[in-house]
Amino acid sequence: MKYFYWFCAIAVIALGIYFAANFSIQPQSIGKIKFSQVSTPEEFGKAVYERLRLEVREAPIVLLGVTPNQIEDMELWRGFFEANQEPGSKYDMIVVEPMLPYVELFNSNMRIDIKEETARFVEGVKKAREEGLRVAVIVPNIYSSQLLKKNPANRLKDEYKLDVVSFSVTKFPVTREQEQVFEPKCTIEEGKDLAGTGALGCMIQNIARKTYRKKIEDNKYSGLMDQTGAKDYIILFNRNAGSR
């Protein structure tokens, strides 16, 4: 009888491994900056640069995603640019999505909708690279995250063969209850993810759960950064609203 129980136990373990290997649909992330709280968004942007100094130097074309209408996301990237002043690492050309608020925070060389004018954008980037210029592009985070398979970031990689690195800033829930109303939703079932953003929503949710037991300080900003792909990073960043 004991052999029968051992057989059942081994079978259950084997099935668990099989289903984990074949039916897991959520990619895993790698922590890069642990949960921390800062006084200004620029401070966290500088931390992003310092943590990924080598990766930034090796990335001549970057997509910097933001949450539209959230000035602190723009200020985070301003801090990033202020920190990144080394020759061979500094970005010579800053492109901005024209419909984003607060783009006046940057001295941009070009304003273009990379989703609607992709070919013209790619032509401009290729000319810039031929001249040895490094290019940073500020866009909505649903354009920049490489978790979303049909968005501009992946079109640039797959259709136009541009070697882009993505850094996407997004808000995040701070309790399990907030997950229910948070956008983008973690919806990945076929036919239900009408916006096509479910994979990003699920990744945000999974990473955010690391923070639910953290103490939130008033009048500060909370953030953390994970790597979600070979050349894809996500930055969870909130303006603190006090205790939960």
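## Reading a disulfide, a sheet and a helix

Author: Start with the bond. Cys186 and Cys202 form a disulfide, with their sulfur atoms 2.0 Å apart. The model is predicted.

Reader: What is a disulfide, and how many does the structure hold?

Author: In general, a disulfide is a covalent bond joining the sulfur atoms of two cysteines. Here the structure holds 1 disulfide. The link of Cys186 and Cys202 is right-handed, with 95° about the S-S bond.

Reader: Which parts does the pair tie together?

Author: Cys186 lies in the loop between helix 8 (176–179) and helix 9, and Cys202 lies in helix 9, so the pair ties together parts that are 16 residues apart in sequence.

Reader: Is Cys202 buried or exposed?

Author: Cys202 is buried, because its relative accessible area is 1%, and buried means under 20%. Cys186 counts as partly exposed, at 35% relative accessibility.

Reader: Now the sheet. How do strands pair in general?

Author: Strands of a sheet pair through backbone hydrogen bonds, in either a parallel or an antiparallel sense.

Reader: In what sense do strand 1 and strand 7 pair?

Author: Strand 1 and strand 7 pair in the antiparallel sense, over 6 bridges. To place that pairing in the structure, find Gly31, which stands opposite Asp226 in strand 7.

Reader: And which strands pair with strand 2 in the parallel sense?

Author: Take strand 5 and strand 6. Strand 2 pairs with strand 5 in the parallel sense over 6 bridges, and Gly65 stands opposite Val139 in strand 5. Strand 2 also pairs with strand 6 in the parallel sense, over 4 bridges. There, Ser166 in strand 6 is the bridge partner of Leu63.

Reader: How should I read the two faces of a strand?

Author: In a regular strand, side chains alternate between the two faces of the sheet. In strand 2, both faces are covered. Ile61, Leu63 and Gly65 are buried on one side. Val62, Leu64 and Val66 are buried on the other. That is 6 of the 6 residues of strand 2.

Reader: Why do residues three or four places apart in an α-helix point the same way?

Author: An α-helix has 3.6 residues a turn, so residues at that spacing point the same way. Now look at helix 2 (residues 41–51). Its buried residues are Pro41, Glu42, Phe44, Gly45, Val48 and Tyr49. Seen down the axis of helix 2, the buried residues fall within an arc of 160°, so they line one face of the helix.

Reader: How many helices and strands has the protein chain?

Author: The protein chain has 9 helices and 8 strands. Of its 244 residues, 49% are buried.

Technical notes:
Residues numbered from 1 in each chain as written. Predicted model: local features only at pLDDT ≥ 70, side-chain atom pairs only at ≥ 80, totals over all residues. Heavy atoms only, no water. Buried < 20%, exposed > 50% of the residue type's maximum accessible area, 1.4 Å probe, protein only. Helix = DSSP H or I, 4+ residues; strand = E, 2+ residues; numbered from the N terminus. Arc of directions from axis to C-beta. Pairing = 2+ DSSP bridges. Disulfide = S-S within 2.5 Å.
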